Amino acid sequence: QVQLVDAGGGLVQAGGSLRLSCAASGRTLSSYAMGWFRQAPGKERDVVGSITWSSGSTYYADSVKGRFTISRDSAKNTVYLQMNSLKPEDTATYYCAARLLYSTRYGYWGQGTQVTVSS
């Protein structure tokens, strides 16, 4: 079992920055990929990006590429989502998730943290 706790959301003006964190416990994450997702009201959940824990390789959705950065701190067992140049359309509940590298399904999810970007 992997337990994930999201934090760091809040209200920010357009053009501002926020850093979300996802603290993991219960397993070492060397065999996992960590993803960030978001869901706006009335919309489907979309992937924001992901990071492979062991290699640090990252993937970003086109909508956030160049603005968002995913990183991890092995000592703290924590993944971060640094969000810069925020836009009102980035407003959503953000979730981190974990999946085993051989799986396509994210089986562990954080509780979510709200990000609101005002224009």
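1. Aspartate 62 and lysine 65 form a salt bridge in this predicted model. Their closest N and O atoms lie 3.1 Å apart. Aspartate 62 counts as exposed, because its relative accessibility of 66% is over the 50% cut-off.

2. The whole structure holds three salt bridges according to the search. Two further pairs, treated below, both involve aspartate 90: one with arginine 38, the other with arginine 67.

3. Between arginine 67 and aspartate 90, the closest N and O atoms are 2.7 Å apart. This pair joins distant parts of the chain, 23 residues apart: arginine 67 sits in the loop between β6 (58-60) and β7 (68-73), and aspartate 90 in the loop between β8 and β9. Both arginine 67 and aspartate 90 are buried.

4. Arginine 38 meets aspartate 90 through a side-chain salt bridge, at 2.9 Å from N to O.

5. Are arginine 38 and aspartate 90 buried or exposed? Arginine 38 has 12% relative accessibility and therefore counts as buried, the cut-off being under 20%. Aspartate 90 has a relative accessible area of 0%, so aspartate 90 is buried as well.

6. Taken together, Arg38, Arg67 and Asp90 are linked in a network of salt bridges. Asp90 is the partner in both pairs, with Arg38 and with Arg67.

Notes. Residues are numbered from 1 along each chain as its sequence is written. This is a predicted model: local features need pLDDT of at least 70, side-chain atom pairs count only at pLDDT 80 or more; totals for chains, interfaces and linings use all residues. Side-chain values use heavy atoms; hydrogens and water are left out. A salt bridge is a side-chain nitrogen of Lys or Arg within 4 Å of a carboxyl oxygen of Asp or Glu. Buried means under 20% relative accessible area, exposed over 50%, partly exposed in between (1.4 Å probe, protein chains only). Helices (H or I, at least four residues) and strands (E, at least two) are DSSP runs, numbered from the N terminus.
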